[in-house]
Amino acid sequence: MAGELSPIDKAKFVAAKRAAEFVEDGMRVGLGTGSTAAWLVRCLGEMVREEGLKFRGVPTSTRTAELAREVGIEVVSLDEARWLDLTIDGADEFDAELNLIKGGGGALLQEKIVATASDQLLVIADAAKEVEHLGAFPLPVEVIPFGWPTTQALIEETLVAMDVMGRGATLRMTGDRPFITDEGNHILDLHLGRIGNARQLAMVLNQIPGVVENGLFIDICDIVVIGYGDGRIEMRDINSGTVENDRLDFVETDNLFSDLGD
Ligand SMILES: O=C[C@H](O)[C@H](O)[C@H](O)COP(=O)(O)O
């Protein structure tokens, strides 16, 4: 139950719980991927079951789609929804301007498409995800399997030319096989350390043949809801410049906590 959660899970949970309050009847909502987004999906499922909330969710991965259906959310595809009122998703890093690194779970492509098709992107994160400069978290780049070593070499040449080489790129693996995304692609993780000009890097990477998308989300996120292990929540809105502080008391919620992980 909530009392048994680690501080990091409590932080993710309170951020997710607060963000779920943004969802209103009739909305079309993008549902992110990852452990924090899984908390959100569980919270929304509870609101559907207990409070009769009626909304349609567009998942950003097969994992999220399965969980959303499991908890009772009406799932529709982006093709059906076309445009979304709101997307709520996690992030691997965010900076003061709410630029993000995403894709630690390999879902960056669908996440970026869904976020860009939304009126608002709200990111939920524990406080440890905030950074001064993006790049300590390896930057995921989705590449098509055909000729991926050549694509990797081109990316590394580009990084050298931009003076952001770090420790180069590695192919993401699952056991002894390359990781495969929902779109059938591979992921190269770029170990950069610090990204000076994230906007420029995001654009340059997508020019390289074989690159499908990169995990830099620049000027896409509107609001971040930051959770802390003691129940505190900080909400920053980049458009209005407002910062709100709140606190959430933990309650026993068997339905939410019976199935940890994502
Ligand atoms: O591909 C995965 C996503 O971008 C996730 O939202 C991101 O990796 C954060 O995941 P988590 O909430 O598990 O830290």
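This briefing describes the helix packing, the ligand shell and the strand sheets of one structure.

The model is predicted: local features need pLDDT of at least 70, side-chain atom pairs count only at pLDDT 80 or more, and totals for chains, interfaces and linings use all residues. Residues are numbered from 1 along each chain as its sequence is written. Helices (H or I, at least four residues) and strands (E, at least two) are DSSP runs, numbered from the N terminus.

**Helix packing**

- Helix α1 (residues 7-20) and helix α2 (residues 35-51) have axes that come within 8 Å and cross at roughly 45°. That angle makes α1 oblique to α2; angles under 35 degrees count as roughly parallel, over 145 as roughly antiparallel, 65 to 115 as roughly perpendicular and the rest as oblique.
- Axes are lines fitted to C-alpha atoms, for helices over the stretch in contact, and angles run from 0 to 180 degrees between N-to-C directions.
- The crossing of α1 and α2 is right-handed. A crossing is right-handed if the near helix is turned clockwise from the far one by less than a right angle, and left-handed if anticlockwise.
- On the α1 side the contact is made by K12, F13, A15, A16, K17, A19 and A20, and on the α2 side by S35, T36, W39, L40, C43, L44 and M47. Two residues are in contact if their C-beta atoms, placed from the backbone, lie within 7 Å.
- By class, this contact of α1 with α2 has 10 nonpolar, two polar and two charged residues. Ala, Val, Leu, Ile, Met, Phe, Trp, Tyr, Cys and Pro count as nonpolar, Asp, Glu, Lys and Arg as charged, and the others, Gly among them, as polar.
- Helix α2 also meets helix α3 (residues 62-70), with axes that come within 9 Å and cross at roughly 20°. The two helices are therefore roughly parallel to each other, and α2 passes α3 in a right-handed crossing.
- In this second contact, A37, A38 and V41 of α2 meet T64, L67 and A68 of α3. Its residues divide into five nonpolar, one polar and no charged.

**Ligand shell**

- The ligand is surrounded by 18 residues, of which the closest are G34, T36, G90, G104 and G105. A residue is near a molecule if its C-beta atom, placed from the backbone, lies within 6 Å of it.
- Helices α2 and α5 (108-116) each supply at least two residues of the shell, and α2 gives the most, with three residues.
- The shell divides into four nonpolar, 10 polar and four charged residues.

**Sheets**

- An open sheet of four strands has the order β9-β12-β8-β13, with antiparallel pairing. Two strands pair if DSSP finds at least two bridges between them.
- β9 (169-171) and β13 (211-214) stand at the edges of this sheet, each with a single partner strand, so one side of each is left without a neighbour in the sheet. The twist averages 30° from one strand to the next.
- Three bridges pair β9 with strand β12 (residues 186-190) in the antiparallel sense, and L171 stands opposite L188 in β12.
- Helix α5 lies across β8 (139-143) and β13, running at about 65° to β13.
- Another open sheet has three strands in the order β5-β6-β14, with antiparallel pairing. Its edge strands are β5 (93-94) and β14 (216-217), each of which pairs on one side only.
- Strand β5 is joined by two bridges to the antiparallel strand β6 (residues 100-101), where I101 stands opposite E93.
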